[in-house]
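Let's work through a few exercises together, with each solution taken step by step. Have the chain open in your viewer before you start.

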Amino acid sequence: MVRSSSISKKEFPQSNEEEQEDFANTVQRALDLAFQKRGLSIAASLYGRQELVLHEDIGIFSILREASNHFAPLDLRAFFISYVTDLLVHPTELCKKYLWHLSQGYFAYHTLSLDPHCTQFRKERLRQIVWILDSSVILPLIAKGCHNHQYGLDLFERIKELGLQVFTTRKLFDEVVTHAAWARSCVRQYGVESPEFLMIALSKGDYKQNLFIDGFINTATSQGELSFEEYMASIFQNGKQIDDYATAIEETLTEHGVNTIRLSEWEGFDQIDWGEILEITERIKQDRLERGTYRSDLQCEAEAEVLLILQKVREGCYGTVQGMPSKAYFVTQSGVLRRVGKEQDCPVWSPEAFYRYLLCFPTAIPLEKDYLQQCMASEFFYSGLQVMNEERYKKFFGPQIREAKLKFPEVLKKHDAGEHSYLFSLSQSFDNTMDLEKPLFSFQAALLRAEKEAERAAQAEKVARLSKKEKTEYEKMKEERNLKEARKKRKKRQLEAARARKKGKKKKKRGK
């Protein structure tokens with residue numbers, strides 16, 4: 001899987017065959033150990049009370065950091081981590097096949113070991129469980145063309161074929177609609193050729209990656225030019241321009257076997273349950289404030305509804321049209337309900353654990369190694385890391401990249417000729433900036449130049465407003481400042497000359 005020539009000759013030209021072989025073996029051992037522990041952790045979280053929040057402490061990377069200590073040079077350790085990370089995020093076809101068997105094999109092994117009744121756990125038991133899906137699980141299905149869309153399709157095909165009772169709440173559903181509406185508003189406000197849209201697409205500043213924008217960029221470059229509205233229309237079956245995203249998204253979810261349901265629509269709901277929602281919301285809010293993950297009260301209310309449903313289903317108070325479920329689980333990357341909930345067994349499954357578990361059940365749907373890799377990449381997305389097809393992004397933003405390269409010399413010319421060191425540093429930074437960020441670099445450099453010009457114009461205007469007497473005083477002060485600066489420079493030159501003479505005299509004495 002890892003060739004012995006893995007150590008880049010560019011980074012380490014002096015490496016020999018033995019060192020390269022050792023590097024390859026270390027990579028393989030680290031991956032094997034990482035997926036062995038990862039499979040055990042995920043499986044244990046399904047059947048016990050052990051908390052597993054992969055996005056907060058990604059076990060793979062802690063193992064890789066430990067494995068890198070095998071190498072003495074610090075630069076080789078850094079290259080090792082960078083190399084293996086690239087294997088996981090952008091694997092070759094051979095790597096995908098290897099990682100698929102390695103990761104799923106360990107997961108299945110530990111799952112079967114931890115659950116002695118797994119042989120009796122068949123489709124009927126699966127159908128007795130209520131699964132509530134977070135918006136982050138639904139988004140890859142809806143956002144056609146995004147980096148993990150194929151995984152989303154495969155997941156929901158398996159859900160439908162296995163006949164699972166799958167729900168999402170109205171508040172979680174609204175988060176999906178808001179995600180889509182926000183993407184449309186950005187395109188309408190800025191246009192796709194603006195620096196602002198590029199910042200949004202690259203998750204720069206305060207922006208986080210939006211899967212509809214990611215899907216739009218990938219689709220536009222793979223299928224030919226199309227507008228954002230045409231992209232959104234292509235997501236839904238009618239292919240017409242969509243004004244009401246909520247209706248269209250709900251219809252799509254229904255087709256994939258997902259029921260969108262309000263809290264009050266659950267069988268057994270009582271009006272007094274609203275009182276419990278307030279108390280749970282406050283607990284969730286406090287937890288998020290302590291961890292710095294609080295976004296809004298709406299976020300906390302949505303999670304409070306889910307936790308109440310989980311508790312009521314498990315207590316036998318809530319049911320569905322199919323009867324009283326045996327269990328209820330929330331499929332999400334968030335770990336807040338694990339901490340706030342009072343259940344004896346874990347009420348939350350990560351999307352990766354849920355997907356892997358469904359893969360253990362035989363269906364007519366073929367297994368694809370790419371989809372598991374996309375599922376794992378979703379963990380990076382939730383952690384705030386940018387996951388994208390760089391070549392497609394370069395193609396989409398190609399005109400802006402070329403324009404930035406052509407116009408950057410003009411931006412440099414507008415700066416003062418005396419700023420030699422600054423201009424050289426600016427030029428070096430531009431050359432070292434990745435192509436996708438070059439338009440942003442030029443834009444920021446132009447803004448900086450405009451700010452300087454605005455400051456000078458404001459200063460000139462201030463001077464113009466001065467009276468004749470004030471102007472005389474201003475010029476006098478300016479002249480005094482210049483004289484002070486000149487005296488400082490002259491004094492500095494005199495001190496340097498004195499030191500040089502003193503040094504010369506010492507050399508003559510030593511020579512005698």
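**Exercise 1.** Find which residues of helix H11 are buried.

*Solution.* Start with the list: Phe228, Glu229, Tyr231, Met232, Ala233 and Ile235 are the buried residues of H11. Here buried means under 20% relative accessible area, with a 1.4 Å probe and protein chains only. Helices are DSSP runs of H or I with at least four residues, strands are runs of E with at least two, and both are numbered from the N terminus. Finally, look for the cover, which includes helices H6 (135-142), H8 (170-190), H10 (211-223) and H12 (245-255).

A word on the model: it is predicted, with local features needing pLDDT of at least 70 and side-chain atom pairs pLDDT 80 or more, while totals for chains, interfaces and linings use all residues. Residues are numbered from 1 along each chain as its sequence is written, and side-chain values use heavy atoms, leaving out hydrogens and water.

**Exercise 2.** Work out the strand order of the open sheet and locate its edges.

*Solution.* The 5 strands run in the order E3-E2-E1-E4-E5, with parallel pairing. Strands E3 (258-261) and E5 (348-349) stand at the edges; each has a single partner strand, so one side of each lacks a neighbour in the sheet. Now zoom in on E5: strand E4 (residues 327-331) pairs with E5 over 2 bridges, where pairing requires at least two DSSP bridges. Phe330 stands opposite Val348 in E5.

How values were computed. Buried < 20%, exposed > 50% of the residue type's maximum accessible area, 1.4 Å probe, protein only. Contact = heavy atoms within 4.5 Å.
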